[in-house]
Structures are given as structure tokens and as C-alpha cells.
Amino acid sequence: MRKCSLDKMNLVFAEIAKNAALYLPVDQNDGSAVYKKWEEGTVWSNALNTVRSPKDFFFPQTEDLMKFTTSGKNIEIIDTRSESEDFVIFGVRACDVKSFDILDRVFLTEPVDSFYGSRREHGVIISLACTRPSETCFCKTFGIDASEPAGDISAWKTETEIFFKANTEKGEELLNKLSALTEDCDDSTVNEQKAKINAIMNKLPLKDLTTDAFGGGKTNEFFNLPVWDELSGTCLGCGTCTFVCPTCQCYDIKDFNTGNGVIRYRCWDSCMYSDFTKMAHGNNRLTQKERFRQRFMHKLVYFPENNDGEFSCVGCGRCLAKCPISMNIVKVMKKLGGATNE
Amino acid sequence: MQKITREQLIEKAVALLADGTVSCVLGWSKGEFDYDVTPAIFNNEEELKANFVFNDFCGVNFSKYLVAKTQKCEGKILVFLKPCDTYSFNQLLTEHRFDREKVYAVGIPCEGMADVAKVKTICGDGIASINFDGENLAVTTLYEDAPVMISTNDVLAERCVNCKSKKHVAYDELIGDEGEVIESNRFDEVEKLEAMTPDERFAFWQNELSRCIRCNACRDACPACTCEKCVFDNPNSGVENKSPANSFEEKMFHIIRAFHVAGRCTDCGECSRVCPQNIPLHLLNRKFIKDMNEFYGEYQAGAEVGSRAPLVDYTTEDLEPGEVFNRGDMNA
Amino acid sequence: MNNRVETLIPKLGVITDVRIDTPDIKTFRVVTPDGKKAFDHRPGQCAMLSIPGVGEAMFSITSSPTNEEFMEFSIKKCGCVTDWLHQAEVGQQITIRGPYGNPFPVDDVFAGKDLLFIAGGVGLAPLRSVINYCRHYRDRYGKIDIVYGSRSKDDLLDYQEIINEWSTDAGVNVHLTIDNPQEGWDGHVGFVPNYVKELGFDTNKVAVLCGPPIMIKFTLEGLCAIGFEKTNIYTTLELRMKCGVGKCGRCNVGAKYVCKDGPVFRCDELDELPAEY
């Protein structure tokens, strides 16, 4: 365990930024936080979390896949891929760190997505334990410990100091580079900090939400429940929940004609959108109820069925905060029978 | 603090259900916390008593839901409309978007709705409860023992700070007194934008719109956006994009939408309320409203059913295109 | 990074032959620019074909894996990509990637068994691959019955091949039908599901169905009615696909991805899926 005074954070950031692009949460003028590239003068945000999740670093909203040029009947395929630059993401909360594991299960299973894979290899994650969780937090439901975030390096912040612990080789290497700015310490302060966080975690309004009712193999149990009508009844069909979600990873592949060749790019897509499953000869999910159901069935039943029981939700609470009609996975879980605290 | 209570509204709804005037109720359903209410259909007294809420966080404009819900509900739907919602209601009727006969509209007074984001900037994250106590919200958090007292005026949503009317322009029945159209300062922000140089203004919108994640919430919540099939959802339109290929396309989406609702937008503010990225989208619409007021005379979309918006109505007094051009030139 | 394998980046293909099969179906022969087969595949597998600027779409490979020279795709005109392909000429380059999906279990489950193939319309396209595979390794399989129907005689796919090759094979019985009587047609008239019932097959065989959803529904009911077990009936599904490798989420039904876990499904497996296909 290493520690340093918060006064020295700017020096720490500068040291990290020497070798890699450093991204950290900063406040925006609308009051929310966003990950920005650090440069001298950048102020680290105190916000609990960013509106957009850090999945952007590995799975950006849009990215070019390749280019084509055509002449007559001939096509040239141009591989525009380049190796990701080295980068460090600082201040990732435990829930979001966990979301990378979930994305890995999709993108790093064979055939590996090389776009995602390259970024994943070149990114170093410095996580940060939560100090002030929100009422919308329910990471504990998915077995995530907000006081013990994973990542290449875990960090804990007190009023005056920050503590670092390396968890991986990559993390070790980075922490070694900070040796002049940090000093060795025992874990007593961090343990105190953890106890404080856990005391708060046990007071959270959603602390008793469980996944007991859900998991693989339960498709038939939930799929035809009439309650989906009620839950989805006022869903606007927008993509807010899917786009702010750290684990939603559906994408579309589209061609953009630049007038000077064609760029094939990938962009986020949403199962909430009416055209998501639209084909030339029909659509297998015609109403919002079916699309709505797909999103939650995927997170609570289908994904765990294919991924050793892992749910595709980390309890970050972004959809709770951002849904225009305040319909969200917590309400769905409780209604479907996951409620234990009602 | 709202002057009207949940109990009054439930009583009204139960009575209308009981005498067969309506067969269901479009209202607000309580959430996990004291502020996250969800629009919902209530079918009977039990459902109303269990889940119906009315408080300072019931900002959702129900008018647009009538388009879909009137087609599904047998009999009439009871809908509670705040003054600003009634403008959207009328505008949708003007555009023949739902059957007036299938709706029983009860106008309810509104003292302005609160924005939970503003509450959180005062008391921080971790809201445990909110009690509605006179002119104040008593907010307890997970972090303080004593509740924080917040004046509702300090946390009013932007659109309510600049409320344009307390008058209900449509209803079958009104609870409380008839309000008045208000002299608001809603164009102040637009004037600030107009006073900017084109470069400053471009930078302003560039910064705001750069946050757009193209979730379409603004469009999906907008009571003026009721096309059965939006051009932006049509793969064959050539402009369907789930996310922008470049930043130019991003701006185009919002500007095209603003043009499309110009003259029909009642300035209800749902677009900005639902934006997950807090983009002040209503300013685009307000700019159009202001311009139309100045060019063609005062016009409020939805003030009456069947009125013709300036952009679809020709009069001999209409502004010559050259005058618009000159004005643009002056600001350039 | 350019030496990393990336499935989303296609290969070049060239259309070397276009055969007009029916008024709205053409069969395209595709090889790489140096004249080779783009990749090996198994019967029932699919490939993503695209034209830059128009789009990419999944098609079943209709030629048999035993054809080592080229691949064929029988494509019905029904959307952007297919419209474009239908106006393409020989020599046109396209892009191709694959193979994707789960093939028919031709080497284990099918081996040694009598086989019944039932197809409607363009549904013969995915079956042609497996039929020709089984014909190629004729001694590995028992009796083969093929029931194929279409709207009219002109809508029968691969008609020449059916008449000249399949019908003349020993131990292969072809039963053709068209929906309505037509001049110059002295074969059977009637819908596929009814024809299957009329033919009345013994149930000790594996059945493979492909065709429009309504045909599959009624044929499946008919087969079950005459005693077929769903565990002995296979079909293929088609949903919107983008990535082809179970990542983009589009063809997800229940815990399955049609592009990866399908398109070939056993009918009892389909019963486990929610009715969203």
C-alpha cells in the first residue's frame, strides 16, 4: 500500500500523464461530471460518478471499422485500424470497473473484437472507492464491494490523503513510477475508510435488493408475465437507459458515404429502438413492450444463462437517475418478484 | 408545495371511475424514492390508493401519452393536466392526434415543479426522504441527521421559473381557481444568445450539443413530435443515424427537430427536462417562438384549438423574406 | 494492430456468374479475386455479403462444402442489399466474411439415417447446401426424400439441378408441388404442409424444414401429427443480423443468438425459446 497527500495529486497526475494519456472525471458547467483528458490545470471532480459511463474508453459511441474505395466494379478494402495509445483512466468506481468484466465477456470471447481488445490491452484502470454513495446505488446487489474496487490499481480517498494498492502487473508498473511522490504505509487508514463506506452501504435504500429470483434458465418463468404491459406502459422508447448503461453493448454497423469513399463504422444501438430488429420483411419485436422486455430479460436472465450466472447490470444507478419517466431495472426487479424488502 | 393534494385527486378519480365517466386514469405512480414518479394508467380505486402520487416532482406532461392511450383504452381516459400541459393538449387536438371524446381532462393548478438535480446541488447526493412541508422541502440524506430545509422556489425546474401561464386553456373540469397568463422572462436567455457574436453563439451550441448522446429522449418526450414514423428512425431516409458520423450531423438532428416543431412547440420544456445530458434544448425552440412573435405577431401554440400557426398561415401583413435576410445580415 | 484478426473486416469477393432462377431469385457465384473459394464452410452456415455504401447482410451459403472451387448464394430480392445485388453484373466485386453460424449435424446426427428435406420458396437455398453434401457422401446416408414447393413452376429454385441431378440419383426421391394449377405443369398442386401429409412418410428419419414461417408452422404440426419427434426435426431461423458473431445483440432471442447458436436449430430447442422469432 502506498499513500500520498491530496495536495500532491496534481504532481501525481502530471507524472502519470508523462507516459500515457490520463483521463479523469471533471465537472462540467451543467453540474454533471465527465471523463476528460488531464492537462495542467484540470480539476478532478468530486462527483460520485459521470453521466456517461467509462465504457466509452473501450467501446466508444462511434468508431470507424474500415474504409472502402470503389472504382467501376472494383472495391478496395482499407484496414484503418491502429493500435490504441496507452492510456490511464483514473477514478473509476467499483461498479464501472466491474462493467469492464461484463463487456470483456462479450468482446473478448472468440472471435475477439480487435478494436475493443486493443484498447483494453493499452488501458490502465485506477479505481476509486466510493465515499458518498447515492440513494440510487445498488452495486451490492451484484456482489460488488464499493469499498474494495478492482482495477489495475485500487485507490481510497480520505479528507487529506489518497491510498493506492496495485492489483496487477500493469498497476504495479504504474505505481512504481509514482514512487517518488508516494510513501509506503500500512492499511489501517484504508480499513477505517472501508468500514465507513460499508456503514453507509448498509443504510442505502436499495441495500436489500437481491437477484435471487433471476438468473439463467428462467425465461419461461418471466417472459409471459402480464406485468410487462404495466411496466412498459409509459416507456418512451428512447435510448437513454441503454446509452448511459455501462454494460449495454449492442451496436449497429453502418456505412457512411463520404463522397470520396465509404467509411464503415460502428455505433451504439439500443434494443429500445423501433428499428433495432427491423428486417426487410418484418420485425420480430413490434411493440415497445417487447423491446422493453428484451432489455431486462437480457440483463437478468439471458446474459447470466450464457455467462456463468453473471448479470449484465452493476447497480451503478445511472438509469435510475436518467430515465425520463423514472422506469428502471430496480422497479422491474421488484415487480418481477425480486423484492425482498417490501 | 402544491396547493392541491394527492387525496383530492384520488377522490376525484375514484368518483369519475365510479360514475362511469371514465374507465381509467392517467396519473403519476410513486417510485422508489420520493421524487422518481412514473406516469402510469390506473384502473381502479385500489391501484390509485396504493400508488398514485401528486407532489412537486410530477412534472411529466401527459398530453402526448393520450395519442397512444386513447387508442388502447375502452371508454374515456381521465387525465390530470397542469396549465402548461393544456397547451400541448390543445396543440395535439389542433393536429388531430387524438379523439377529444375519449378524454376527460381535469385541470389542476400547479405551483411549479421541482428539479431533483437542483435539490441535489443543495443537499448533495444520497437523498433518503423528501417531505413536503409548506413552502419548503424537508430533505433528509444518508449523511446528515437533521433534514435540510430547501425553499421550493430555489429548486424550481427552469421551465417553471419561467412559467408562461397558470391558465388552463383546455379542460372538462377544473379543480381550484382559473389562473392567468403570466408575463414571464422566458426570452431573457434567448436574448443573451442573440447578443453573442456568431462565433460565440456557435461555440455555445457546439459545447452544449457536443454532449448529446443521441438517445432521442427529447424527441420521444416532445408532444409536438408525434409522427407515426420519424424520419430519423427510417433506415431508408438516408438520415437515420443512431449516433452521428460527425459533429455536423449531431447539430443537424436538433436543428431539424427545432424547425419541424416551430410554430407547434408550446414551450412545455419536456425536451430539456428529459435530456440526460442537461442540454438546454428549449432555447432552440424559444428562439423560434421569439422570432415568430417578432416577425408575425404574438402567437402561442396551443392557446386555442384550431389556430393557424404563423408558418402555415398567409396574411398580406406577412414579413417579406428580405426583412429576415436583413436582420440576419445585421447580426452577422 | 493490423496483424490482429478481425472478423468484422471482410475479404474481397468477385461475382463470377449470375443465374436467374425465378422472377425474384438469382444465384450468385462468388470467388476471391484470385479465383479461389473465400473460405471453407459446413452445410447450413452463412456468410455476410456487402456492398460498400449499400450495406451488409447475412445469406446462407447454398453451394455444398464439397464444392472446393466457389460458393453460391441464392438471393431473393427483398431489401437494399438484395436489390443492389440483383442489378450486379459478372465481374462485380463485393465483400464477404464468414463462415457464421452453427451447421446441420451432417456428420453425426444425420449419418446413417433416412433424411427428409422439406422446403418452400427461397427456403430451398440453405437446404441445397446440405442436400448436395449428402448426395456427395451418398453412402453415409439412407434414403433421401425432398419435398419442395413454390408459388408456381417459375418460382421453383434450382429447377434444372433438381430435374437433371437430384431426380436421377439413386435413393433420392423428389416431390415437387406448386400452390396453384398452371399450364405446362403436370406435377402435384397444393401447399407443402398438405403435400407432406399426403405423402405420409414413416417417422424413422430426420426431417429438415426451411421456408416461410407459415409453411414451417403447419408442416411442423403435420409432422408431429404423423408421429415425428421434434428432436428429429431441424429448421433454420432468420433474424436481423449485423456482426454475425453474437456480439451486436440484434438477433438475440432468449439466451440464443441466431447468428452464432443458429441459424440451424432443432425444433425442440426452439420450443425452449420465447416466441420472438
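Domain bounds come from an automatic or database domain assignment. This is a predicted model: local features need pLDDT of at least 70, side-chain atom pairs count only at pLDDT 80 or more, and totals for chains, interfaces and linings use all residues. Residues are numbered from 1 along each chain as its sequence is written, while chains are lettered from A and ligands numbered from 1 in the order in which they are written.

**View 1. The two domains of chain C.** Domain 1 of chain C spans 11-100 and domain 2 spans 114-236. Across the divide, 15 residues of domain 1 of chain C are in contact with 14 residues of domain 2 of chain C. Two residues are in contact if their C-beta atoms, placed from the backbone, lie within 7 Å. On the domain 1 side, β1 (11-22) and β5 (71-76) of chain C each give two or more residues. Helices (H or I, at least four residues) and strands (E, at least two) are DSSP runs, numbered from the N terminus. That side of domain 1 divides into five nonpolar, eight polar and two charged residues. Here Ala, Val, Leu, Ile, Met, Phe, Trp, Tyr, Cys and Pro count as nonpolar, Asp, Glu, Lys and Arg as charged, and the others, Gly among them, as polar.

**View 2. Helix α4 of chain C and its buried face.** This helix covers residues 192-199, and its buried residues are C:Val192, C:Pro193, C:Tyr195 and C:Val196. Seen down the axis of α4(C), they fall within an arc of 165°, so they line one face of the helix. The arc is that of the directions from the helix axis to the C-beta atoms. A residue is buried if 20 or more other C-beta atoms lie within 10 Å of its own, exposed if 12 or fewer, and partly exposed in between, with C-beta atoms placed from the backbone. The packing partners of these buried residues are β7 (114-120), β8 (144-150), β9 (172-178), β10 (188-189) and α5 (213-225) of chain C. Just after α4(C) comes C:Gly200, with a positive phi of about 55°.

**View 3. Chain A as a whole.** Chain A holds 11 helices and 14 strands. Its radius of gyration is 22 Å, close to the 20 Å that the globule rule gives for 342 residues, so chain A is as compact as a globular protein of that length. The radius is taken over C-alpha atoms, and the globule rule is 2.2 Å times the number of residues to the power 0.38. Along the principal axes, the C-alpha atoms of chain A fill a box of roughly 65 × 65 × 40 Å. Of the 342 residues, 48% count as buried. Among contacts in chain A with a separation of 6 or more, 70% come from residues 24 or more positions apart.

**View 4. The two domains of chain A.** Domain 1 of chain A runs over 2-201 and domain 2 over 219-337. Their centres, taken over C-alpha atoms, are separated by 25 Å. Domain 1 puts 31 residues into the contact, and domain 2 puts in 27 residues. On the domain 1 side, β4 (62-71) and α2 (94-107) of chain A each supply at least two residues. By class, that side has 14 nonpolar, nine polar and eight charged residues.

**View 5. Strands around β9 of chain A.** Strand β1 (residues 2-5) of chain A runs antiparallel to strand β9 (residues 161-166) of chain A, joined by four bridges. Two strands pair if DSSP finds at least two bridges between them. A:Arg2 has A:Phe164 in β9(A) as its bridge partner. Strand β8 (residues 153-157) of chain A is also antiparallel to β9(A), through five bridges. A:Lys157 stands opposite A:Ile162 in β9(A). Three residues link β8(A) to β9(A) in a hairpin.

**View 6. A hairpin in chain B.** Strands β7 (residues 136-141) and β8 (residues 148-151) of chain B pair in the antiparallel sense over four bridges. B:Ala138 lies opposite B:Met149 in β8(B). Six residues sit between the two strands of this hairpin.

**View 7. Chain A against chain B.** In this interface, 41 residues of chain A are in contact with 35 residues of chain B. The chain A elements giving two or more residues are α8 (240-244), β11 (251-257), β12 (262-268), α10 (318-322) and α11 (329-338). The chain A side divides into 19 nonpolar, 12 polar and 10 charged residues.

**View 8. Chain A against chain C.** Here 43 residues of chain A are in contact with 35 residues of chain C. Elements of chain A that each supply at least two residues include β5 (74-78), α3 (114-122) and α9 (288-306). By class, the chain A side has 18 nonpolar, 14 polar and 11 charged residues.
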